[in-house]
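Please look through the structure below, keeping the sequence at hand. The paragraphs that follow go through it part by part.

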Amino acid sequence: MDVSNVNPFLQACTLVLPQLGFSSVKKVNLTVSSKVNAQGVAVSVGIIGDIKGTVVYNFSEDNAKKIASKMMMGMEVAVFDDMAQSAISELTNMLTANASIEFSKIGKNINISTPTLVTGKELGIKVSSNKVLVVEMEADGVAFFVNIGIDGDA
Amino acid sequence: MKEPRFMIVDDSPFSVTLIEKMLQANGYNVVAKATNKNDMIKMFTEEKPDFVTMDLTMPEINGFESIKLLRTIDTNFKSVMISSLKDDELTEESKKLKINGYIQKPVKEDELINTIKSIINYDKNYYELLDEHQAVFKESFADAVNSMTRTTVSFKEKNAEEVKFSMGFAVAIGIIGTFPGRFFLDMSNETLTAFTKSITGQESEDSEEKAHFISEFANIVVGNACSLLNLTDKNYKFRLSSPTVFYGEELTVSTANLKTFMIVAKTEFGEIIIGTSFSRGE
């Protein structure tokens, strides 16, 4: 399992989130898990190229609403509607696209798919890799998870 | 795009005439010309052209700012920068602004025309993909079900708005290529259980096991469909990412960020929804 695959995602978070109005972005925890951490809102983005796998971004519905609100210039987000879903999808697209630029700087070229956003109760998520790197992030106190599953990681 | 209409913006009347002559010689219709900011806004608003060729260095407003300004009036046009200056920083900025092409002066006729043709083709290919892909996905789906279970499938198209909740099990696969997209299958736990059983011969209540099965099935359907699309020689270059399986209560697959095409497949095991989306990768 190659932990260096985490850095491009961390760099993407520290680059993109401040542009959306967050002032403090930090990594809270990094664990290796056999399954994806699952709560209310999950967005999966496919990766192929020099590395292949899936990144699943995961938020509680409350936190997804807080982030969407920040992205929409502080507009109140009472329900996690199409507009808010679209904002969160766009966020994960920006984060993964930026991570792909960071990967290219270390000689790994990857392409990314469009995001699939899913909401639900008691979410179960299965990606194809056996192990997943789970990065817990916090942006202005709002927590979210970046689950990185790279195929071939055992 | 039918008969694209062109607008030329350049502070040099000489350049405007030159570009106009090249476009007209190739049968393109120039509907507007502007050599200053006021004319640019006026002509653009009046004519709503499909294509704008834009000079970079102009006295009142530069080309990038001009494109941004025009987009506040109407976003539905293609743009090509034409400037004597061209370096990494400028092409990078142009890409960032999603400008469709960048040509360095002196303008060569074949370069200008090839750039325009490739922009038009890109558009044409995208709309053809949206029109034609569902038939290909149906065929792959029916073939996969038929060869694995010896049963047949019928289809019904649905509006994305009609499908609000997932039926319980969804598998998503990312599509990468000229037009990146995503594919998903959605079905109830009962359908998945019956479907899995018809192949393995055993009833399984284990979600993980069923997730493995449906991942592989989805992979076959989308893999075969994308192979067929790749064969149509439209430069799609589709490749697939690994599947992600979602299951749970009150699951919803969001269709907010991208137009999602839905087909309901009626199988012997129950209904399975096939969802596809493609974006312009520009």
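In which loop of chain B does B:Lys98 lie? B:Lys98 is in the loop between helix H4 (88–96) and S5 of chain B. Helices (H or I, at least four residues) and strands (E, at least two) are DSSP runs, numbered from the N terminus. B:Lys98 is not a glycine, yet has a positive phi of about 55 degrees. Most residues other than glycine have a negative phi, and most peptide bonds are trans. B:Lys98 is exposed because 12 other C-beta atoms lie within 10 Å.

The model is predicted: local features need pLDDT of at least 70 and side-chain atom pairs count only at pLDDT 80 or more, while totals for chains, interfaces and linings use all residues. Residues are numbered from 1 along each chain as its sequence is written, and chains are lettered from A and ligands numbered from 1 in the order in which they are written.

Chain B has an open sheet of five strands in the order S2-S1-S3-S4-S5, with parallel pairing. Two strands pair if DSSP finds at least two bridges between them. Strand S2 (29–34) and S5 of chain B are the edge strands, each pairing on one side only. From one strand to the next, the twist averages 20 degrees. Within the sheet, S3(B) and strand S4 (residues 78–83) of chain B run parallel and are joined by five bridges; one pair of bridge partners is B:Asp55 and B:Ile82, the latter in S4(B). Helix H3 (residues 63–73) of chain B packs on the sheet and touches S1, S3 and S4 of chain B, its direction making about 150 degrees with that of S3(B). Helix H1 of chain B lies across strand S1 (5–9), S2, S3 and S4 of chain B, and runs at about 170 degrees to S2(B). Such angles run from 0 to 180 degrees between N-to-C directions, with axes fitted to C-alpha atoms, for helices over the stretch in contact. Contact means that the C-beta atoms of two residues, placed from the backbone, lie within 7 Å.

Now follow chain B past S5. The loop between S5 and H5 of chain B contains B:Pro106, and the peptide bond from B:Lys105 to B:Pro106 is cis, with omega near 0 degrees. Helix H5 of chain B (residues 109–149) has 41 residues, so at 1.5 Å a residue it should span 60 Å, and the 58 Å between its end C-alpha atoms agrees. The expected span is 1.5 Å times one less than the number of residues. H5(B) has a kink of about 45 degrees, centred on B:Glu132; the bend at a residue is the angle between axes fitted to the seven residues ending there and the seven starting there. Among the buried residues of H5(B) are B:Leu112, B:His133 and B:Val145. Their cover includes helix H1 (13–25), strand S3 (51–55) and helix H7 (207–231) of chain B. After H5(B) comes B:Arg150, with a positive phi near 60 degrees.

Further along, S10(B) takes part in two pairings. Strand S6 (residues 154–158) of chain B runs antiparallel to S10(B), with five bridges between them, and B:Phe155 has B:Ala265 as its bridge partner. Seven bridges join S10(B) to S11(B), also antiparallel, and a hairpin of two residues connects S10(B) to S11(B).

How do the two chains meet? In all, 33 residues of chain A are in contact with 34 residues of chain B. S5(A) supplies the largest share of the side of chain A that touches chain B, 12 residues. The largest nonpolar core has 88 residues, and those touching the most other members include A:Ala42, A:Ile125 and B:Phe246. H7(B) gives the most to this core, nine residues. A nonpolar core is a set of buried Ala, Val, Leu, Ile, Met, Phe, Trp, Tyr and Cys residues joined through C-beta atoms within 7 Å. A:Ala42 touches residues including A:Val56, A:Leu123 and B:Phe246. Apart from this core lies another, of 24 residues, among them B:Met54 and B:Phe77.

Methods. A residue is buried if 20 or more other C-beta atoms lie within 10 Å of its own, exposed if 12 or fewer, and partly exposed in between; C-beta atoms are placed from the backbone. Lists of a residue's contacts leave out its neighbours within four places in sequence.
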